[in-house]
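Please open the model in your viewer and keep the selection tool at hand.

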Amino acid sequence: EVVGDEEDILNLGEVCIGNSKVATFHISNATQKMLRFQFPETLPAPLEGVEISPSLGHVLPGMKKQITFTYKPTAAMKADVQVPVQIASIIPEEEEDWDNGWHSGDQDAEVRSQVDPEPGHSVVDGSSREMPLRTIALADQISYECAVERIYFSSTVLFQSRLYRFAVTNPSSIALPYSWRVVPAEEKERTGLLPYSITPPKGIIAAGSTAEFEIRFAPKEVEDFAALLDSRMPLQEPLRIPLNGSALRPWCHFEVPVSDYRAMRQAADPLDPKYEIIECESMGVKVRNVKRFYVLNPTSDPYEFQWTPEE
C-alpha cells in the first residue's frame with residue numbers, strides 16, 4: 001500500500017529466493033485535469049527485475065488506477081530505494097482512460113503484447129514533476145538449523161506421558177512460517193490416532209530467532225509407535241524428525257489430579273516415583289474430609305485389592 005504521508009512508501013515485504021511476490025497500489029488523480037504517469041523502464045538496483053504493469057498511463061480526473069509490481073528475486077537482497085515516477089497534467093485530444101498494462105482477462109500472451117499506442121495529448125506547462133516512490137523489499141533463502149535428528153521416548157506406562165523439548169533456529173533474514181503434523185512412519189502401518197502431540201503446532205520463527213517446541217508422548221494402547229514429525233515449511237526439504245516410543249501396561253491406574261507436591265516438598269530425600277500423590281485440604285480441625293478418585297484396571301483380568309498402610 002502506498003502511504004501518502006510525508007513520503008509515499010511501497011513495502012513489497014519479504015520473499016524467498018525463487019518465489020514471486022505481487023504487490024498492488026493505486027495512483028490517484030485529485031486534480032481537475034488528466035494525469036499522466038510513467039515509471040522508469042528499469043528500477044534502481046537491486047530491484048532491476050521488478051515488472052510494473054502498467055508502467056505508463058493516464059488517469060482521469062477524480063479517478064485512480066491500480067499499479068502492480070511483480071518481483072522474483074534470484075539472490076539475497078535488501079532494498080530501500082527511491083523509484084522516480086514522472087507525473088504531469090495533460091490535455092488529451094480525446095478524454096479516455098488508457099495505459100500500457102495488461103489486465104486479468106487478457107490470458108492470451110499475444111493479446112497482452114498488443115497495446116494500443118498512447119493517445120495524443122499536450123503537457124500543461126509547469127506541471128511536469130518527479131514523484132519519488134520509496135520502495136522497500138527483502139529477499140533471502142529460507143533455511144533452518146536443528147540439532148535433533150531422531151527422538152526416542154523411553155517405555156511409557158499407559159495413561160502417563162513423557163515430554164521432549166527441542167529448538168529450531170531461523171538463520172535467514174526473513175521470517176520462517178511453519179506448521180507441524182505427526183504422520184505414520186509408513187503410511188500402510190497404521191490408520192488410528194498416534195499418541196504424539198506438539199506445541200506450538202504452527203507459527204512463525206522471526207529472522208535470526210530460535211523457537212522451542214515440546215512434543216508429548218501419551219500412549220493409550222500397548223504398542224510400539226513409530227512416526228514422523230513432519231514440518232510444513234516453504235522449503236524443498238523441510239524438517240522431518242523420526243519418532244519412536246513404546247507403551248507398557250500397568251496393573252492399575254490411579255486417576256488423580258496432577259500435583260506439584262514433589263517440587264514443593266522440603267525433604268532431604270526425593271519421593272519415590274512409584275508413589276501417586278493425593279492432596280487433601282481441610283477448612284479446620286475435627287472436620288471430616290472426603291477425597292474420591294478412580295482406580296482403573298487396564299488388564300483383561302479381574303483382580304481383588306486390599307489397602308495396607310506402608311510403614
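**First stop: the largest nonpolar core**

Select Ile151, Phe166, Trp180, Tyr196, Phe213 and Leu229: they have the most contacts inside the largest nonpolar core, which has 30 residues. A nonpolar core is a set of buried Ala, Val, Leu, Ile, Met, Phe, Trp, Tyr and Cys residues joined through side-chain atoms within 4.5 Å. Buried means under 20% relative accessible area, exposed over 50%, and partly exposed in between (1.4 Å probe, protein chains only).

Next, colour the elements that give two or more residues to this core: β14 (162-169), β15 (176-184), β16 (196-199), β18 (210-217), β19 (224-232) and β20 (240-248). The largest share, four residues, comes from β18. Strands (E, at least two residues) and helices (H or I, at least four) are DSSP runs, numbered from the N terminus.

This is a predicted model, in which local features need pLDDT of at least 70 and side-chain atom pairs count only at pLDDT 80 or more, while totals for chains, interfaces and linings use all residues. Residues are numbered from 1 along each chain as its sequence is written, and side-chain values use heavy atoms, with hydrogens and water left out.

Centre the view on Leu229. Which residues are in contact with Leu229, leaving aside its neighbours within four places in sequence? They are Phe166, Trp180, Arg181, Val182, Ile198, Ile215, Leu239, Arg240, Ile241 and Leu243; contact means heavy atoms within 4.5 Å.

Then select Phe25, Leu47, Val50 and Met77, which are among the 26 residues of another core, apart from the one already visited.

Move to Asp80, in strand β8 (residues 77-92). Asp80 counts as partly exposed because its relative accessibility is 45%. Beyond its neighbours within four places in sequence, Asp80 is in contact with Arg134, Thr135 and Ile136.

**Last stop: the whole chain**

Zoom out to the protein chain, which has two helices and 22 strands. Its radius of gyration is 33 Å, well over the 19 Å that the globule rule gives for 311 residues, so the chain is more spread out than a compact globule. That radius is taken over C-alpha atoms, and the rule is 2.2 Å times the number of residues to the power 0.38. Along its principal axes, the C-alpha trace spans about 105 × 55 × 35 Å. Of the 311 residues, 32% count as buried.
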